[in-house]
Amino acid sequence: KVSLFSLISATPTNLPYPPPPAPSPPLTMTSIESPLDLIRLSLSERVYVKLRSSRELRGTLHAYDQHLNMVLGNVEETVTVTEVDEETDEEIVKKSKREVDMLFVRGDVVVLVSPPLKTT
């Protein structure tokens with residue numbers, strides 16, 4: 001049994017449990033090993049997300065998971081609709097935009113995530 005006093009007075013060499021692992025180095029473009037590493041680099045950054053059904057989002061990435069569910073803030077959503085004029089057979093492209101403070105995006109509708117451009 002470990003007492004609270006023994007934990008408080010413990011030194012790194014006599015801890016009753018192993019020390020925590022050393023922190024991993026910060027991710028850089030050269031240390032990307034999986035696709036989700038690229039998304040992790042984009043946390044708190046403005047990203048472009050293309051969705052199914054001709055929808056596009058631009059917003060700040062606050063959170064994500066392995067299914068690509070995402071929470072975006074300060075989002076601009078653009079919906080593109082293409083209609084055909086029956087009289088002239090001309091394609092008419094209509095875009096509508098809206099702004100949303102916070103948005104949850106379900107990962108199964110995500111087609112593409114583009115991180116912000118890094119300029120050095």
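Is L36 buried, partly exposed or exposed? L36 is partly exposed, because its relative accessible area is 27%, and buried would mean under 20% while exposed would mean over 50%. The views below show a predicted model. They start with the whole chain and then close in on single places.

**View 1. The whole chain holds two helices and five strands.** Along the sequence, the elements follow the pattern α-α-β-β-β-β-β. The chain has 120 residues, and 22% of them count as buried. Its accessible surface comes to about 9,300 Å². Carbon and sulfur atoms make up 56% of that surface. Among contacts with a separation of 6 or more, 42% link residues 24 or more positions apart.

**View 2. Five strands build an open sheet.** Their order across the sheet is β4-β3-β2-β1-β5, with antiparallel pairing. At the edges lie β4 (91-105) and β5 (110-114), each of which pairs on one side only. Neighbouring strands of the sheet are turned by 25° against each other on average, direction ignored. In a regular strand, side chains alternate between the two faces of the sheet.

**View 3. Strands β1 and β2 pair in the antiparallel sense.** Strand β1 covers residues 46-51, and strand β2 covers residues 55-64. Six bridges hold this pairing.

**View 4. Strands β2 and β3 form a hairpin.** The two strands run antiparallel and are joined by eight bridges. Look for E56, which stands opposite T78 in β3. Five residues lie between the strands of this hairpin. In the turn, L68 has a positive phi of about 70°.

**View 5. Strands β3 and β4 form a hairpin as well, with six residues between them.** Here 14 bridges join the antiparallel strands. V71 has F104 as its bridge partner in β4. D89 takes a positive phi near 55° in this hairpin.

**View 6. L36 sits in helix α2.** This helix spans residues 35-41. Which residues does L36 touch, not counting those up to four places away in sequence? They are Y64, D65, Q66 and L68. L68 is also the residue with a positive phi in the turn between β2 and β3. L36 and D65 are 29 residues apart in sequence, yet their C-alpha atoms are 8.7 Å apart in space. Despite these contacts, L36 remains partly exposed at 27% relative accessible area.

**View 7. N69 lies in the loop between β2 and β3 (70-84).** Is N69 buried or exposed? N69 counts as buried, because its relative accessibility is 18% and the limit for buried is under 20%. Leaving aside neighbours within four places in sequence, N69 is in contact with A63, Y64, F104, V105, R106 and G107. What lies 2.7 Å from a polar atom of the N69 side chain? It is the backbone nitrogen of G107.

Definitions and conventions
Residues numbered from 1 in each chain as written. Predicted model: local features only at pLDDT ≥ 70, side-chain atom pairs only at ≥ 80, totals over all residues. Heavy atoms only, no water. Pairing = 2+ DSSP bridges. Helix = DSSP H or I, 4+ residues; strand = E, 2+ residues; numbered from the N terminus. Axes fitted to C-alpha atoms, helices over the stretch in contact; angles between N-to-C directions. Buried < 20%, exposed > 50% of the residue type's maximum accessible area, 1.4 Å probe, protein only. Contact = heavy atoms within 4.5 Å. Polar contact = N/O pair within 3.5 Å; in protein donor to acceptor, adjacent residues only side chain to side chain. Areas by Shrake-Rupley, 256 points an atom, 1.4 Å probe, with all protein chains shown as cover.
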